[in-house]
Amino acid sequence: MENLLFINACVRGERSRTLRLARRFLDAYQARHPDTVITERNLCAERLQPQYPEVLEERDALWNAGRLDQPMFDPARQFAAADRIVIAAPFWDLCFPAILKIYLERISVTDITFGYDEQGAMVGLCRASKLLLITTRGGNYAGTELEMGTPLLKALCVMYGIPQFACLDAEGLDDVRNDKAAILADAERRADALAEEF
Ligand SMILES: Cc1cc2nc3c(=O)[nH]c(=O)nc-3n(C[C@H](O)[C@H](O)[C@H](O)COP(=O)(O)O)c2cc1C
């Protein structure tokens, strides 16, 4: 039985088009893989603290004491153990919402999600073979240097040892000239197709 970790960073909740697209993908994936257990982390609901000085201090103290089993490291251990990872996050300010960055900082823990070998080279420790970012954007940015969300996640996949990164997106949703329903319908078709191969 495989487990899929769904990271929900859709700040607008049920009004979010990104969440709608993610649910479409997850429903199709579940139908295709009925044995997969999907676990959701809703970042707006759990509100992890940013790594303010006292948070970082506590984390360092626990880490230095070798207490990687402490609740503070639960998100990192959960991320490291997932077979598949899906992140849903809207495009904000050329990247993604800060709640996702806070989560990524929280899961980036040496000896849990990544580490170093005897030569000092970084090695990924995550089990997942694929990570999918699902996003929607107001304008058209895919493939441009202004789009900073996918490059960051792609790079982190290298650090975590996750060999495949994919992105499912819908763009131009805030451009008044565009047919939003048609753009979303096309993205949903791509979501269904991706669920077959992810
Ligand atoms: C705080 C904020 C920042 C945004 N920044 C951008 C941006 O930099 N570029 C862009 O094309 N759209 C931007 N948008 C528009 C969203 O990407 C777009 O509306 C998206 O579909 C929202 O996803 P959602 O429906 O899942 O919330 C921004 C929206 C918000 C609320």
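A polar contact is a pair of N or O atoms within 3.5 Å; within protein, one must be able to donate a hydrogen and the other to accept it, and residues adjacent in sequence count only if both atoms are side-chain atoms. This is a predicted model: local features need pLDDT of at least 70, side-chain atom pairs count only at pLDDT 80 or more, and totals for chains, interfaces and linings use all residues. Residues are numbered from 1 along each chain as its sequence is written, and side-chain values use heavy atoms, with hydrogens and water left out.

A polar side-chain atom of Thr 136 is 2.7 Å from a ligand oxygen atom. Backbone N or O atoms also take part: one of Gly 138 lies 3.2 Å from an oxygen atom of the ligand, and one of Gly 139 lies 2.7 Å from an oxygen atom of the ligand. Taken alone, the ligand exposes 640 Å², of which the protein buries 78% (accessible areas by the Shrake-Rupley method with a 1.4 Å probe).

Around the ligand there are 16 residues (a heavy atom within 4 Å of it). Arg 12, Ser 16, Thr 18, Phe 91 and Asp 174 come nearest. The shell divides into 6 nonpolar, 5 polar and 5 charged residues; Asp, Glu, Lys and Arg count as charged, Ala, Val, Leu, Ile, Met, Phe, Trp, Tyr, Cys and Pro as nonpolar, and the others, Gly among them, as polar.

Along its principal axes, the C-alpha trace of the protein spans about 55 × 35 × 35 Å.
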